[in-house]
Amino acid sequence: MKSKLFIALMLLASAGAVLAQNHIVLEPAVLECRYLDLRMEDTLSRYMTADTMILHVGRQAAAFFSKDRVTADSVLCTPNGSIKWINLGVQYNKEGRLQDWLSNDVQYYYWNYPEPGLMTVRSGFDGGVEYVEALSLPWAFRDSVKTVLGYECHLAETEFRGRRWSAWYTLEVPVSVGPWKLQGLPGLVCEAYDDKGHYGYQLVSVASAEGQAVLLHAWKKEYKQRTREEIFQASVRQDELLQENARQNGMSGMLGGVNHMAKPKELDLKR
């Protein structure tokens, strides 16, 4: 099984051949918020996976990324990083927690960069790619109130790229950011779910980020400009290659959740 897993992991690691690590400080961070990223992997069994995501908030910009993805990219940037990354993947698989190593979300999100109202999304896929988009979600405010992590939260809803999202935000943390692309409310988003229960975010901690920065991560030497659609379609092709390799090596199903870019929250993207 180790040799079979090695083959599939090598395909993933090969995308990280051109590495850099010249991160850019956008501004000092004020807050660090951590969320659980919840995803339903099987709609029949209702099986969910969870990944820890980090939101660094500055006075203007914000960065959102997977804690496990940062760890993996840090390993890949070391000498012989691909081999270390694969060996760790084999170890995690032996311990029954491969998903912890691969992470739910492989992309990095930067709000209000390169200018206010724009979001930059980066990925290590295809040697480093990114796209920039303008986001303005049409939030509708509701009367519901509940407490999340000790914060009084209010409900807002929006239709965004094929899904209806419900978000609970708090005015007690007056920053207009949240997980993923759920931005633009008058307070921090503490919870958010799509109406089918396929995706969700739950705030687990809020802390001062003194001494930290909102970083524009640069794991690659350069990031090629692509459209959201182009990146998605290329990601689908990579996912299909991984699945075929898994089938040929008796690993069918093991890597079912590896490439979540090919199972998007945004339903306007079609295979």
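Where is the place of E130? E130 sits in strand β7, residues 129-134. Strands are DSSP runs of E with at least two residues, helices are runs of H or I with at least four, and both are numbered from the N terminus. The model is predicted: local features need pLDDT of at least 70, side-chain atom pairs count only at pLDDT 80 or more, and totals for chains, interfaces and linings use all residues. Residues are numbered from 1 along each chain as its sequence is written, and side-chain values use heavy atoms, with hydrogens and water left out.

E130 is buried, at a relative accessible area of 9%. Buried means under 20% relative accessible area, exposed over 50%, and partly exposed in between (1.4 Å probe, protein chains only). The side chain of E130 makes a polar contact of 2.6 Å with that of R122. Another, of 2.3 Å, joins the side chains of E130 and Q225. A polar contact is a pair of N or O atoms within 3.5 Å; within protein, one must be able to donate a hydrogen and the other to accept it, and residues adjacent in sequence count only if both atoms are side-chain atoms. Residues up to four places away in sequence aside, E130 touches T120, V121, R122, Y223, K224, Q225, R226 and I231. Contact means heavy atoms within 4.5 Å.

The chain holds 5 helices and 14 strands. Of its 271 residues, 51% count as buried. Among contacts between residues at least 6 apart in sequence, 61% join residues at least 24 apart.

The largest nonpolar core has 43 residues. Strand β9 (residues 151-160) gives the most to this core, with 5 residues. A nonpolar core is a set of buried Ala, Val, Leu, Ile, Met, Phe, Trp, Tyr and Cys residues joined through side-chain atoms within 4.5 Å. Y35, L55 and L188 have the most contacts inside the largest core. Beyond its neighbours within four places in sequence, L188 is in contact with residues including C33, Y35, L55, W168 and L203. A second, separate core has 14 residues, among them A61, Y108, V214 and L216.

W180 lies in the loop between β10 (163-170) and β11 (188-194). W180 counts as buried, with 2% relative accessibility. Its contacts outside four places in sequence include F64, Y109, M119, F160 and W165. W180 and L55 are 125 residues apart in sequence, yet 8.9 Å apart in space, C-alpha to C-alpha.

Helices α2 (residues 67-76) and α3 (residues 81-94) have axes that come within 7 Å and cross at roughly 140 degrees. Axes are lines fitted to C-alpha atoms, for helices over the stretch in contact, and angles run from 0 to 180 degrees between N-to-C directions. The two helices are therefore oblique to each other. Angles under 35 degrees count as roughly parallel, over 145 as roughly antiparallel, 65 to 115 as roughly perpendicular and the rest as oblique. R69, A72, V75 and L76 of α2 meet G81, S82, K84, W85 and L88 of α3.

Backbone features occur in two loops. The loop between β5 (108-111) and β6 (118-123) holds P114. A cis peptide bond, with omega about 10 degrees, joins Y113 and P114. N112 lies in the loop between β5 and β6. N112 is not a glycine, but has a positive phi of about 65 degrees. L149, in the loop between β8 (140-148) and β9, has a positive phi of about 55 degrees and is likewise not a glycine. L149 is partly exposed, at 46% relative accessible area.
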